[in-house]
Amino acid sequence: MKILSINAGSSSLKFTLFELPEKEKVASGLFEKIGLAGSFYTIKLNGEKIKKEVNIPNHTVAVECLIKELLDMGIVSSLEEIEGVGHRLVHGGEEFSEPVILNEDVIKRVSYYNEFAPLHNPANLLGVEAFMKALPGVINVGVFDTAFHQTMDKEHFLYPTPYEWYEKYGVRKYGFHGTSHRYVYGEIAKYLGKDNLKVITCHIGNGGSITAIDSGKVIDTSMGFTPLAGIMMGTRSGDIDPSILEYICNKKGITISEATNELNKKSGFLGISDISSDARDIEDAAANGDERAILAQNMYSDKIANYIAMYNNMLGGADVIVLTAGLGENSSLMRKLILDKIASLGVELDESKNDFRGEFRCISTENSKIPVYVVPTDEELMIALDTLALKEKN
């Protein structure tokens, strides 16, 4: 059975076509600059990549191009082979704690949360609408970044603000990257043959979040009301004193929206280093002795180590620490910087195991009090599997 996994952005559309239940990745690709000048797309098939520059004025046209290529390239012999489309949806509020079949009523309810994720939800829904139009009768499933974290208890998801902020306006911690955290938790639980693990999952890439999980239930997570909270990231500040906003607005004569934009897009690695938001550029600069690049690396690893230590305490002692996503999977240096800073927890890195990229591997010593694993994430596969499950159930 072929299932499409879709992640639609405001000017992009990423897809992966899976053969399930074999979990075979048949093809993948990305449409970029949708609605902008210079739009193009790339498709990967059998290890080869094709790129075409074409006018893509909207998501509907992008989906039409995708379907045409799937047929023309012989990836599918007919559209009837595509039996489901799974969509990444960033925000489902408290209402959506599980994947859901998408229809007009559900889309209307999901759109209520657009104000909570204005850069993501409307774009995600554009992809949904385009596929529902292009493949009528095919099941469309929404998989929410926030869903996995809805298992948190109130003591962990509430902020100590006036309670009416929560009751009237929905101010609370929602958490994000839930599909990734759920996937890697499932993978490590399956590998170790246990379903009652206490795990700290660290999704660390350009965006990053840390999550404490006990037997599949999220106890706490670092991102909050928005993805701006938690650890520092590529361009996001992570946790700061909220009074800084008023102070900077007054000093610079800017609005709260402008200041928040700087925290979202001009902070983190980029803000501290003034070099790049890409950790690879930071690592290169640090290797050449750039002091602010070194500072950015140290700050980043500090924030992650501190969250791990806090969550270890919250769990009453973690059974496993998992590192995943761009940096977690590919940066041996960042893994070392982080683990060296949690040595007080009894964590020991085996440096002979740490020189690799993108593999499932234990990188701690046999004497490490908490074993540490690198587990490559696959949010696209998780979305496809969720879509398959709902299709089979209905």
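So, helix 5, residues 163-169: Glu 164 and Lys 168 both sit in it, four residues apart, which is about one turn of the helix. Helices here are DSSP runs of H or I with at least four residues, strands are runs of E with at least two, and both are numbered from the N terminus. The two side chains meet in a salt bridge, 3.4 Å from N to O. By salt bridge I mean a side-chain nitrogen of Lys or Arg within 4 Å of a carboxyl oxygen of Asp or Glu. Glu 164 is partly exposed at 36% relative accessibility, while Lys 168 is exposed at 58%. Those words have cut-offs: buried is under 20% relative accessible area, exposed is over 50%, and partly exposed is in between, with a 1.4 Å probe and protein chains only.

Before I go on, this is a predicted model, so local features need pLDDT of at least 70 and side-chain atom pairs count only at pLDDT 80 or more, while totals for chains, interfaces and linings use all residues. Residues are numbered from 1 along each chain as its sequence is written, and side-chain values use heavy atoms, leaving out hydrogens and water.

Okay, next pair. Glu 262 bridges to Lys 252, with the closest N and O atoms 2.8 Å apart. Glu 262 is in helix 8 (residues 256-265) and Lys 252 in helix 7 (residues 243-252), so this pair ties together parts 10 residues apart in sequence. Both are partly exposed: Glu 262 at 24%, Lys 252 at 47%. There's also a network, where salt bridges with shared partners join Lys 2, Glu 19 and Glu 81.

Which parts does the Asp 153 and Lys 217 pair tie together? First, the contact itself is a salt bridge of 3.1 Å, N to O. Asp 153 lies in the loop between strand 8 (139-144) and helix 4 (154-157), and Lys 217 lies in strand 11 (residues 217-221), so the link joins parts 64 residues apart in sequence. Asp 153 is partly exposed at 36%, and so is Lys 217 at 29%.

Zooming out, a search of the whole structure turns up 22 salt bridges. Of the 394 residues in the chain, 51% are buried. The C-alpha trace spans about 60 × 55 × 45 Å along its principal axes.
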